[in-house]
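I opened the notebook to go through one structure by contact type. The entries follow the order in which I looked things up.

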Amino acid sequence: MRAGIVVAALLLSASGLAAAEVAVARRATHIPAQGLGPALQALAKSRDLQVVYRSEIVSGLKTQGAFGELTAAEALTQLLRGTGLTYTYLQDKAVTIVSADGQAGAAAPDAQSRDSARTRPISLSRVDYVAEAAMPTDNDVGKDGSAGAAEREQAGASGGASEMVIFGERIVTRNRADNVEPTLVYEAAYFERFEPLTLNDMLKRVPGVYFDKLFNLPDNATGSEFADTDGTLPRFRNLDSQFSQILVNGRRIAGIDFGYGGDAFLQTIPAESIKEIRVVRSPSAEIDSSGVGMTLDVILKDGSTFGSNSWRIAGSYVDHELEGLGSTNVRGGTDRLSYSFSATAQNRFGSGYSILDGYSDRVLALGSYASSTQTRTTAWTTSRQRDEDRSLFGTLGFDLGRSGKLGIEAKYVQTATAASTNLERFSDTTRTVQIGPLPPTTTQTMETTFSDGEQQRDTSNYGLALTYAQDLGAALHWNLLAGYDRTDLDSANTAFEDDDDVRYAAGIARAEGKGQRYQVNNRFSWALAPEHEVRFGADLQKTTDSNFNTKRTNRSSAPDDGFDSIFSEDRQSVKRADLFGLYEWRMDNGLSLQLGVRHEGSDYNSNAPARLVISTDIEEVFQFDPNVLGPNRRTPFSASVSGLNPSAHLRWAFRENHDIRFSVAQTVRRPHLGELDPRVNITASTNGVLSNQVEVGNPELTNEEGLGFDLGYDWRFTDGIIGINLFHRRVENLIQQGNITFQRFQALRPDLTSEIERFALTLATEFPLSEPVSLVSYVNTGDETRVHGAEVDMSFPLSFISRDAHFYMNATYSKRKTGDQPSVEASAINFSYDHLIESLGFTYGLGMNWITKSTSHVEILGALISDSERELEPNFEIFLEKKFGSSLLARLTMENVTDAVDESIGLVRTFGFSEGTSMTNRLTQSDPRILFTLRGKF
C-alpha cells in the first residue's frame, strides 16, 4: 500500500535582521516557484512550524511561491493558491494540509506516483517519531531527535498506514538558510549534545571562529604576569579580534566598542536563552559592514520559540573546587499575547599553571660607553579565577490585529570576577660594562622574586528594546526597532611584590566605566512582484562612554608612601547614521540574485586628558606642569569617517538540496576613537619595562577597507549535510603605528610642544643611557593584509555502527599575509561523535576542540623582528547521558580529559640604539573539568 511521508520542521529563519523576531510573526519570506512539497518544507524550516501532510496529496503539484513580509498563515495561503488544497491548525504551532473540500486526501495518484511514494526514503536526520497519522507525545520522543528502532522498522515495512515524520528537539545538522547571502544557522538544539553553559561554549563549535583559550584557563593565565588578555574574545578567519563582529538580536552591545565588557558578556549569556546563532560569512547591505572576517548574530528566544517550560541544575568540579548552575525557562500566552522569562545563576571557576623559560642578550652602545647583558629567567605562575554570573531575560509579544505586531524584550546580565596570580621568578643576570679604554667589569646577580596579583571586576549589561511591524499595503511592510543598551564596568587590580623579604604594593589600579547605546532601526520591504523585492531602511545609533581611571604606586607597604601615576576621566561618544538599499530577484530556474549598497557615516567626539605612565625614578626628577598636562586639562576633539559599501550575492539551487553561493562584499574596520583622538599617552622608564614613548592619535584616519569573496557549496542529503566554503579577504588602507617627526607632533598638539620638549631634554640629561624619547602616531599605510582559506562542516550518521550514531565536524584553515612579511597560518578543528542506545535511553559520545598550530613573523619600523610559534594540544571531552521518562535527563561530561598543554615560543630581535635577542618558551596547562547536569521539563 502507499507509504506517504509526512514532514514537519522546527528549523528557524536565517534571513533579515532580528528587528521583528520578538513575538512578531511577520517575516521576510522568499520561497520561489517549485514543487509544493519542498516549498512547504522550506516554510516549516523558516517559521518554527510543524507542517503535517500526506505525501500523495502534494505529489506532482507546483506552487508559485511566497514572497514579501508575511505571516505564516499568509505564506501558506500563497503557497497553496491554485493547488486545490488548504490548511487547518492541529495545535498552536502545527498545521495539516488537506484538500479544499475538507478531505484529508486528494485525487489518487497514478501507479508511477504510488511506486515513487512507496520507495522514497524516510528522512531520519531530525526524526522524533514515526506512527500512524497521530501527533507524537513526549513518551515517544528520543532525546537525540531519532525515532525508536522498533517504530522505524515497523514504519518502513508496514504496508497500510501513512507515515508521519515529526522533527524533534535535538537536531543533527545545522540549517541550510534560504538567504541569498551565505548564512549558516545553528539552532540551540544543535549544541545540546555539547551541553553548553554559555554563549562562549557554543561559539567554540562554529567554523571560522578561533579562541586563544580552548580549555579551562582564567584570563590572566596566558599573557604576561598580571596582564589580562583577550583570550576569551573570538577571532574570525585568522584576523584579529578587532575585525570580529558579534551582534545580539542584530544589534551591537554597548561598551564593547570601547574595549571592556565583551569577554564577560559572551561568558554570561546562558545557553538556555539562545534561539540560534547565525553565521553571516558575507554580509548583505542590511547589516553593519564591520564584519571583515564575518559576522555572528546571536538571536535570543522569545515567547513563541522557548519550547517547553524547562529547568536545569549543574555542578562542575575542577582543581578541588565545586561550582554550581541553576536556570529556568518559562513561556506561555494566548492567541494575542505571548511571554517568556528565563533566569540563570551560575558560578564558574578556572585555574591554570604555566612555566616560562627565557633568555635575553642585550647590547647597548652610546659614545665611549658599551654594555652587554645576558639574562636567564625562569618563572612559575599559578592563576585562579572565579566568576559569578546572573542573568534575566524576558519578552512580551502583542498581536494588535490590523494595527500590527508589538514586541518588548528586556535583559540583564551581570558577572563578578575575582582572580589571583601567584608568580615565582628566578633571574640570573650577567652584565659586562666598558667605558672608553678602561678594562671591562663583569657582575653577576641572582634574584628570586615572589609576586601576587589580584583583580576584582564587576560587569553589568542591561537593555530594553521595542519592536513593531505593520502592513502599509498589500506589498509594503514596515518594521521598526527602538532599543537602549548599557554596560557598566568596575574593576580594581593590585600587584604585590616580595623582594628580599620587603613586601610592598607595586601598584593599585582602579577603573570605572559606563558605555551606553541608543538605537533606532527602520526596515521597509516592497514586493514588486512574486520574483522581485526591494528592501531599504536606515539605522541610527549613538554610543557614549565615560571612564574614570586611577593608579597608585607605593614604594613600600606604608599606605601613604606613594604617588598617583595615572589619573584620567574620559568622555567619548560616537554617532552613526547608516542607510541601505537592496534588490533581490529570485528566478524559477533556481537562480537568486541580490544587489545592495550601504552608506555608513560615523561622527566621533571626545573630551579626554592625557594618560601618563611614569616610573618611580623618572617621577622623582621630573614633574609635568599640571596646567599643561593634568587630569583637568581637556582638549575637545571631533572627527567624521564615512564610506559606501556595495555587496552582491548569487545563489543557485541547481538541484533540490544542492546550493552554490558566490558573494562579494566590501566591509570596513572603522578607526577606534583612541586611534583618532589626538590626546597623548606618555610612558617612560629607565629599566626597560616601559619604553620612553609619546603617543598621539591622528584625526585624519580613514576606514580600513576589506574586499571579500566567498564561494560555497551545500549538499543536504537524507540524514546529513556537507558544506564547503572558500574565502578570500583583502584589507587595504591599514592603520598602523609608526614614528613621526617633531614637526608632525607639533601640528597635532601645538599646546603640548614645549612640555614634551622639556620632558625629552630631562631624560636625555638625567638618564643618558636610557632609551631616547620616541614620538609615534597612527597612519593609513599602503600595506595590505590578505587572508584566504577554506571551511568545511559536515554531519551525518555512521550507519556501519548504527542509525543512531552521528558524526559532526568542522575545520578551518587560513593563511594571512601582511605587506612583505612572511605568511601566518592557522587552523582549527572541532569534531564530535555521539551514539544513542535507544533501548536503554542511554547516549555516549566524545569530542575534540583543537587549534592545531599558529605561527607569525612581524617587522616593525625596520628595528624589531618578532617570530612566534604557538601550538595547543587537542582538548578532548567525553560524555554519558541517560534519559528518564519523557521529562528528565542526566548527563556527565569531562572536559580537557588529557590535561592539554599550550606551548608558545617567541623570538624577538632588536636593532639600532639597543641591539639584542630575546627568547621565551612558555608552557601553560590546566586541570580537567567534570560537569554533572540534570535537565527537565515541566
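**Entry: aromatic rings**

Which residues do ring pairs link into a cluster with Y190? I was working on a predicted model, so I kept to what its coordinates give. The cluster holds Y186, Y190, F191 and Y808, joined by ring pairs.

I then took the count of aromatic pairs, which comes to 18. I looked at Y190 and Y808. Their ring centres are 6.4 Å apart and their planes stand at 85°, so I logged the pair as edge-to-face. The pair links distant parts of the chain. Y190 belongs to helix α6 (residues 188-191) and Y808 to strand β39 (residues 805-818), 618 residues apart. I checked burial for each. Y190 is buried at 6% relative accessibility. Y808 is also buried, at 2%.

Next I looked up F742 and F745. This aromatic pair is tilted, with 6.2 Å from centre to centre and 40° between the planes. Both residues sit in helix α11 (residues 742-748), 3 residues apart, which means about one helical turn separates them. Their accessibilities I noted one by one. F742 is partly exposed at 24%. F745 is buried at 0%.

**Entry: salt bridges**

I searched the whole structure and got 49 salt bridges. I picked out R237 and D710, whose side chains meet at 3.2 Å, N to O. This pair also links distant parts of the chain, 473 residues apart. R237 is in the loop between β14 (235-236) and β15 (245-248), and D710 is in strand β34 (residues 704-717). Are the two partners buried or exposed? R237 has 1% relative accessibility and counts as buried. D710 has 1% as well and is buried too.

R510 and E512 I logged as a second example, a salt bridge of 3.9 Å, N to O. R510 is partly exposed at 36% relative accessibility. E512 is partly exposed, also at 36%.

I moved on to R523 and D539, which form a salt bridge of 2.6 Å, N to O. R523 lies in strand β25 (residues 502-529) and D539 in strand β26 (residues 532-554), so the bridge ties together parts 16 residues apart in sequence. Both residues are buried.

**Entry: a hairpin and a helix**

I looked up how strand β22 (residues 405-435) meets strand β23 (residues 441-471). They run antiparallel and are joined by 29 bridges. E409 stands opposite A465 in β23. The hairpin has 5 residues between the strands, and there G436 takes a positive phi near 55°.

For helix α12 (residues 753-766) I compared length with expectation. Its 14 residues should span 20 Å at 1.5 Å a residue, and the end C-alpha atoms are 20 Å apart, which agrees. I listed its buried residues: T753, E755, I756, F759, T762 and L763.

**Entry: the surface**

Which residues form a nonpolar patch on the surface? I found Y317, L322, L880, L892, I930 and F932, with about 560 Å² of accessible area together. I checked one member, L892. It is found in strand β44 (residues 888-895). L892 is partly exposed, with a relative accessible area of 39%.

Terms used. Residues are numbered from 1 along each chain as its sequence is written. This is a predicted model: local features need pLDDT of at least 70, side-chain atom pairs count only at pLDDT 80 or more; totals for chains, interfaces and linings use all residues. Side-chain values use heavy atoms; hydrogens and water are left out. A salt bridge is a side-chain nitrogen of Lys or Arg within 4 Å of a carboxyl oxygen of Asp or Glu. Helices (H or I, at least four residues) and strands (E, at least two) are DSSP runs, numbered from the N terminus. Buried means under 20% relative accessible area, exposed over 50%, partly exposed in between (1.4 Å probe, protein chains only). Patches are made of residues with over 30% relative accessible area and no salt bridge: like charges are joined within 9 Å, nonpolar side chains (Val, Leu, Ile, Met, Phe, Trp, Tyr) within 5 Å. Accessible areas come from the Shrake-Rupley method with a 1.4 Å probe; for residues, only the protein chains shown count as cover. The expected span of a helix is 1.5 Å times one less than its number of residues. Two strands pair if DSSP finds at least two bridges between them. Rings of Phe, Tyr and Trp (its six-membered ring) pair if their centres lie within 6.5 Å; planes under 30 degrees apart count as stacked, over 60 as edge-to-face and the rest as tilted.
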